[in-house]
Structures are given as C-alpha cells and as structure tokens.
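Student: Could you take me through one part of this model in detail, namely the pocket and what surrounds it?

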Amino acid sequence: MKAAEAAKSGKPAKAAEAAKSAKPGKPESHLAMVRRARRINRELAEIYPYAHPELDFRNPFELLVATVLSAQTTDLRVNQTTPALFAAYPTPEDMAAAVPEELEELVRPTGFFRAKAKSLIGLSASIRDNFGGEVPGRLADLVTLPGVGRKTANVVLGNAFGVPGITVDTHFGRLVRRWKWTEQEDPEKVEAEIAAIFPKSEWTMLSHRVVFHGRRICHARRPACGACPIAPLCPSYGEGETDPEKARKLLKYEMGGQPGQRLSPPPDYPGRPAPALGAG
C-alpha cells in the first residue's frame, strides 16, 4: 500500500486500536526483537517503496558536498542552495580554488557557513591532491576528508557507489531506540547493533525507510501514532497523538499533501517537488 493511501485508509486507525489493546507480557527476547525489526522493515518497504536520499545530486561529489552542508539544517534548504553552488563550482578542482568569502556567501542559507565553507574547500583540495580529483569509494578514504565523518561517508557510499551502509542520523537513532532495537546513543554503536540485525543488502534502503518514517510520521515531539501503519509493532505506541483524525493532521511531506524536500525528486516520488529558493 502506498504511503499516502496508507495514511488516508483505515489501516492506521485499525493498527492504532490493535496497539492500544495489546497487553504487556514478558520481556521480549532478542530473537523476537530481531523478527519484529525485520517485519517493521518489510512494512516500511511497502509504505515507502520510493524511499530515496532526499538530497539532490548528480554525481558523488555533489552528494558529498550536499551531505556536508546538511548538518544542522534541512535537506530542503540544502537543495535550494546547491544549484547556484554547483553552477559556480562544478568540480573539486573548482571548489578547492574558491575564494572563501565567495563560497561562504553561497552556502550561507545552510547555516554555520564559515565552518562549512572551510570544510568544502579542504575536502575538495584533498580530493584533488590525494585522489586524482575523484571522490574515493572507500570508507577509510572518505573519513580522511575534512568535515567528513562516518555518517556522511555511509551516505555517499550507499547512494553514489552502491556500497551498503547504515546512516545513523538523528531520525534513525531516535526511531531505532523508540522501537527498542537498541539502547545505544553513540552513532557507531547504534550502527553496529543494527547492522547485526539485518542482512548487508538491506542496510542502505533500511536507512532511507527509517528516516522517511521519522520525517513523515514518527516525529520527535509529536509522533502521529494514530496514523501509523506499523503501530502494532511499536513498543512505544502512545508517546504521540493516538486519535486517528488528529494524528493525520500531523503527517508531513507527501503523506500530508505537502511538497517534498527535493527540487528534483525521483520519477516514482508520489508527492510534489519542493520550491526553489525564494519561490515559496
């Protein structure tokens, strides 16, 4: 069932009722948790068959730059900023030679623009000098670039090189703890524990699905529990709004009838493209 259809159908309401009536039993075994986690992943695959990275990019360098810029801001703001940025600096060689103040002005809308501009010039110079002008396709190499940590490296590897990886951002960490897949707070420990639950081939798409769910339904402050298709599988059901009608009003992006974050979304995306910077 498509995401918007699931949100508008009776499925979330029925799921919420089932979760509400469930009685607490003995502590869940590790095996039972793994089975529940894998079932949640299968359900999410049906809800979000179009899950994808929500940063616009055309090549590994653009994805790397966009991911660095995405820290402490929204993917939408990054996507609204990068068209002018990549028009001015299309290659690592171009960005490495940028005048810092000019680059800062272009990335200013994403916040922390001085630190981000410094990282972009540094990583571009490293790519030029150490990797022949090509973004490296290995984790060990990517994390040597200025401003690039394990999370950013996994985003680039999974989506630009097809190398499976789990991306532990704030949404992913929040949901896997809410679902009791892990109790870890450290991103690397979270990554390790979740990687042990799922086959490697699922890692990249699992990351997209969980993040999609966190952005659309399972919000940090007011989760839309009453409109959640996986409510019966969630041990934290009830932390958010359980009334189906009220919960549906909390849905975001395509599930709430609103534009997505990408200006150039994939062809199978069921929602509307985001507006360009200054367009709304």
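Tutor: In this predicted model, the lining of the largest pocket draws at least two residues from each of helix 5 (75-88), helix 10 (150-160), helix 11 (170-178) and helix 13. Helix 13 provides the largest share of that lining, with seven residues. The pocket itself has a volume of about 840 Å³, and of the 36 residues that line it, Asp75, Asp169, His171, Val211 and Arg215 are the closest to its centre. Sorted by class, the lining is made up of 18 polar, nine charged and nine nonpolar residues.

The nonpolar packing can be described next. The largest nonpolar core has 43 residues, and Tyr48, Phe172, Trp179, Trp181 and Ile194 have the most contacts inside it. Two or more residues of this core come from each of helix 3 (30-47), helix 11, helix 12 (187-195) and helix 13, with helix 3 giving the most, six residues. Apart from this core lies another, of 30 residues, which includes Val78, Met95, Leu120 and Val135. As for Phe172, its contacts beyond four places in sequence are Ile166, Thr167, Val190, Ile194, Leu206, Ser207, Val210 and Val211; Val211 is also among the residues closest to the centre of the largest pocket.

Methods:
Residues numbered from 1 in each chain as written. Predicted model: local features only at pLDDT ≥ 70, side-chain atom pairs only at ≥ 80, totals over all residues. Heavy atoms only, no water. 1 Å grid on protein atoms, 1.4 Å probe; cavity = no way out; pocket = protein on both sides within 12 Å on 5 of 7 lines; lining within 4 Å. Points joined across faces, edges and corners; volume = space filled by probe spheres on them. Helix = DSSP H or I, 4+ residues; strand = E, 2+ residues; numbered from the N terminus. Nonpolar A, V, L, I, M, F, W, Y, C, P; charged D, E, K, R; others polar. Core = buried A, V, L, I, M, F, W, Y, C linked by side-chain atoms within 4.5 Å. Buried < 20%, exposed > 50% of the residue type's maximum accessible area, 1.4 Å probe, protein only. Contact = heavy atoms within 4.5 Å.
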